[in-house]
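Biologist: Thanks for sitting down with me. Could you show me the model, and then we can go through some questions together?

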Amino acid sequence: MSNIGITQPGVIESGTGLPPATSLRAEPGPIRAFWARLTARRTAMVGLVIVVAMILMAVFADWVAPYDPIATDWGAIRSPPSWAHPFGTDEVGHDVLSRIVFGARASLGAGLTSVALAVALGLPFGLIAGYAGGIVDLLIMRLTDALLAIPFLILAIALAAFLGPSLTNAMVAIGLSATSTFVRLTRAQVQAVAAEEFVEAARAVGNPPWRIAIRHILPNIVPAILVQATLTIAAAIIAEASLSFLGLGQQPPEPSWGSMLNVAKNFLEQAPWMAIWPGASIFLAVLAFNLLGDGLRDALDPRQRT
Amino acid sequence: MAQDRVTLLDVRDLAVAFDSEGGVVHAVNGVSYTLREGETLGIVGESGSGKSVHVLAMLGLIPRPPGRITGGQVLFEGRDLLRLPEKELRKIRGGQIGFVFQDPMSSLNPGMTVGAQIVEPLRIHLGLDGRAARARAKDLLDLVRIPHAGARLDQYPHEFSGGQRQRVMIAIGLSCRPKLLIADEATTALDVTVQAEIIGLVQELKREIGMAIVWITHDLGVVAGIADTVQVMYAGRILERGPVDDMFRDPRSAYTLGLLRSLPDLSRGRAGRRRLHQIEGAPPDMRHPPPGDPFAARNVYATPRCLTDTPPLIQAPGAAPGHLVAAWYDLPARLAAEEAAR
Amino acid sequence: MRPGPADRYPLLSVRNLSKHYPLRSWWGGKGSVFRAVEDVSFDIRPGETLGLVGESGSGKSTIGRAVTMLNPPSAGTVAFEGTDLAKLSAREMRRMRARIQMVFQDPYAALNPRMSIGDYVAEPFKLHRHDMARAERRDEVEGLLARVGLDPRFARLYPHQFSGGQRQRICIARAIALKPSFIVADEPIAALDVSIQAQVVNLLQDLQDELGISYLFISHDLRMVRYLCQRVAVLWHGRVVELAEADALYEDPRHPYTRRLLSAVPVPNPVEERARLGAASLLPPADPDATGGLVEVAPGHWVADIRYA
């Protein structure tokens with residue numbers, strides 16, 4: 001018997017014979033299936049479109065922005081939105097739209113860079129803690145617990161103040177503050193996956209521990225890390241804005257959404273547009289990353305859906 | 001036998017579908033049968049045969065969406081369960097129809113005492129007050145042979161063994177003296193010795209209470225001992241149905257025959273050992289049910305017509321009355337020809 | 001106890017194997033010990049299938065993981081071709097795994113969901129045949145898939161695209177990749193549909209005939225054990241209570257627990273099955289404490305000494 005029939009949903013079945021009479025069904029691989037599930041979620045796609053648009057805006061800021069963001073125009077100080085300056089100007093005559101566009105570099109850049117740093121540090125430590133166990137696990141986790149006991153933003157502010165005010169230092173401070181979350185998440189995920197039977201099966205064929213960690217466990221925890229990273233980017237954007245607002249991040253006259261708010265707070269009555277646009281940008285970016293993160297969570301873990 | 005008794009359950013052309021990512025899964029495709037009062041019906045099938053889904057659908061227990069009942073009627077004492085308001089259905093479910101599912105651990109609430117869970121349906125369906133319900137709950141645990149019933153009412157499910165939990169589920173299923181007990185793979189997760197005890201218990205209770213039973217299982221051995229009537233399901237259809245002795249002695253569906261032959265014989269020694277009979281292939285994808293007889297692709301006796309037309313479930317010629325089969329091929333004739341050729 | 005002078009050249013020799021788990025008391029100190037497996041001994045001959053039967057909690061899976069050193073025993077020895085596995089270093093044991101393989105119960109859990117079938121089946125070659133070229137490896141994988149009845153082109157697909165029966169075939173293909181001499185099959189058909197079980201059992205039998213593999217077949221399916229196994233060990237509360245040739249054990253069970261177990265198996269024949277249920281002669285459970293060492297009651301037929309109180 002050599003028929004290939006289609007069996008249960010998503011399943012290809014052959015008889016015991018071979019080769020098959022008909023061709024293989026074009027079943028999507030895991031990545032394509034994930035993409036199909038993601039694109040089916042409208043809110044996730046809204047988030048993705050906004051994120052992509054903002055990143056493009058930041059990358060091509062030189063072409064998008066109508067003015068030089070640090071060029072002052074003493075003829076137009078705190079002028080309300082107009083055709084010449086759609087978002088208005090600030091207290092020294094900077095074009096707010098241009099500063100929003102260039103500010104995206106600082107805000108998104110800080111969000112992405114700091115989270116990349118947190119993952120780069122948190123993932124290996126979490127993997128070691130979760131898979132090695134014992135005294136190594138104990139040491140890593142006590143340190144992580146100690147860091148987690150300090151509120152994220154307070155820790156970031158303290159580190160930034162210690163390192164000195166600059167955008168790079170703000171990124172490092174935010175990244176280090178977020179690391180403990182990734183250590184803890186990675187460890188929990190590793191322990192959950194390590195208990196699965198395919199890990200025992202991997203031991204049974206003679207995989208050494210490092211290969212089990214890299215080839216069998218890591219690919220299965222990437223989805224959870226990716227979701228957490230996306231959501232943490234949103235938090236990191238707020239953190240960068242907060243640090244800049246406090247003067248610990250982007251230094252004037254270079255623009256960032258947080259430092260723009262810092263200046264705008266002095267002119268809320270006279271020039272509300274100075275606060276509205278950076279505030280709205282932060283809000284939109286955070287919302288977009290959160291929508292995308294939620295969508296990724298649903299699309300990456302089919303088991304959680306009912 | 002229960003031939004002359006009143007019809008209790010009349011399932012007519014029941015069809016159930018599920019919406020899935022890959023398309024609509026046609027889980028149950030026109031299932032019709034009747035069950036008389038006091039009759040034990042054994043339903044045999046594999047995963048995906050529709051054996052469990054169709055009873056969940058008749059009790060209003062499939063999640064909707066993604067599930068949909070796409071057609072048919074389920075008359076219980078003349079009332080169509082599918083068109084009953086949820087409130088009315090709730091009165092019947094757990095009341096006149098008791099049910100026991102495969103996994104007693106997930107069917108029992110771990111945070112509630114066993115007593116409270118037995119008392120609940122008694123208060124809802126029979127309107128008993130607290131004291132009377134508790135007394136009845138103790139009687140029920142006695143009935144399912146759990147020692148020290150009075151004290152154990154106040155214990156939690158994790159304090160019971162797997163077999164005892166299934167007994168508790170049976171006690172709950174029987175609590176309101178149902179006319180029908182539906183058991184879906186009720187002993188599958190249990191050890192054979194515990195399974196034997198549970199089956200013995202259900203047989204005894206049936207003699208005492210006289211309820212009808214629908215016993216759903218994949219184990220032909222279990223069905224052989226307890227059923228009056230056996231029904232074999234495959235790909236959401238009934239392929240064969242009949243009185244238990246006639247079905248096992250003279251199966252008319254190639255699928256039934258294949259299942260019977262694929263079981264190794266406990267009494268056959270190594271000397272007389274033959275290669276196990278195996279049914280090739282696997283069940284069809286129910287998103288794209290094949291035209292014709294759903295078993296045709298795996299059936300060595302299939303005729304060309306099996307691949308195109310769906311056979312009706314009709315009286316098998318020469319078999320006992322009520323022995324129905326859905327097949328275009330004539331299995332006894334084909335087997336006789338095979339025998340002659342050998 | 002030393003089951004059998006006939007076992008002069010066993011492939012696997014298990015002696016006095018025990019697996020204990022310490023139970024912590026509420027204040028975290030040392031409490032009592034849970035004896036999952038207690039003083040179990042048996043041999044497996046080359047090319048033989050030994051059945052290990054028992055109910056849930058009898059310790060049968062624990063033994064399977066102890067003899068493969070996935071969960072090493074607390075006491076006793078496991079000698080494979082004369083080598084004491086417990087004495088091997090981690091690296092030596094990994095090398096030994098080319099000879100000792102395992103097939104698991106749940107083919108849904110035993111496959112890595114993010115590894116293609118081809119990579120999964122090729123893994124033993126990557127680990128143990130470093131000299132093998134990529135093309136040669138691919139040919140081997142395709143040959144293995146074909147051998148277990150799957151289309152070689154399935155290699156590029158992922159586990160979620162397969163049914164339970166196919167997944168178990170994939171696991172078997174990986175297990176036989178390096179032509180091991182011994183496979184522990186832990187309930188390999190329990191999760192499969194009835195019509196698929198026979199396919200997998202026949203495949204295991206064919207592979208044994210072809211490659212001379214010995215199996216430790218762990219199962220609660222007493223019918224299938226009788227069919228597949230030359231000898232059978234009955235486990236009860238972590239101890240072997242009876243060990244004999246399959247025919248002797250099924251036709252002349254000596255231990256009360258074995259009798260109880262065999263008498264509980266439903267017979268797919270209405271007349272016999274109703275008679276069996278009607279007889280209601282289900283023997284009462286025996287007392288686990290009343291079990292002593294094994295005694296040879298007939299050649300090769302070992303039964304735990306029953307001490308009646």
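Biologist: Which residues does Leu216(C) touch, not counting residues up to four places away in sequence?

Modeller: Happy to start there, bearing in mind that this is a predicted model. Leu216(C) is among the residues with the most contacts inside the largest nonpolar core. Leaving out residues up to four places away in sequence, Leu216(C) touches Ile44(C), Leu50(C), Leu52(C), Gly64(C), Val67(C), Val184(C) and Ala185(C).

Biologist: Which helix gives the largest share of this core?

Modeller: The core in question has 270 residues, with Val214(B) and Val121(C) also among those with the most contacts inside it. Its largest share is 17 residues, and they come from helix α4 (residues 96–132) of chain A.

Biologist: Are α7(B) and α8(B) roughly parallel or roughly antiparallel?

Modeller: The axes of α7 (residues 162–174) and α8 (residues 192–209), both of chain B, come within 10 Å and cross at roughly 20°. Angles under 35 degrees count as roughly parallel. Therefore α7(B) and α8(B) are roughly parallel.

Biologist: How many charged residues has the contact of α7(B) with α8(B)?

Modeller: Gln166(B) and Ile170(B) are among the contributors from α7(B), with Glu197(B) and Val202(B) among those from α8(B). By class there are 7 nonpolar and 3 polar residues, and the number of charged ones is 1.

Biologist: Which element gives the most to the side of chain C that touches chain B?

Modeller: Here 36 residues of chain C are in contact with 37 of chain B. The chain C side divides into 19 nonpolar, 8 polar and 9 charged residues. With 7 residues, the element giving the most is α6(C).

Definitions and conventions: Residues are numbered from 1 along each chain as its sequence is written. Chains are lettered from A and ligands numbered from 1 in the order in which they are written. This is a predicted model: local features need pLDDT of at least 70, side-chain atom pairs count only at pLDDT 80 or more; totals for chains, interfaces and linings use all residues. A nonpolar core is a set of buried Ala, Val, Leu, Ile, Met, Phe, Trp, Tyr and Cys residues joined through C-beta atoms within 7 Å. A residue is buried if 20 or more other C-beta atoms lie within 10 Å of its own, exposed if 12 or fewer, and partly exposed in between; C-beta atoms are placed from the backbone. Helices (H or I, at least four residues) and strands (E, at least two) are DSSP runs, numbered from the N terminus. Two residues are in contact if their C-beta atoms, placed from the backbone, lie within 7 Å. Axes are lines fitted to C-alpha atoms, for helices over the stretch in contact, and angles run from 0 to 180 degrees between N-to-C directions. Angles under 35 degrees count as roughly parallel, over 145 as roughly antiparallel, 65 to 115 as roughly perpendicular and the rest as oblique. Ala, Val, Leu, Ile, Met, Phe, Trp, Tyr, Cys and Pro count as nonpolar, Asp, Glu, Lys and Arg as charged, and the others, Gly among them, as polar.
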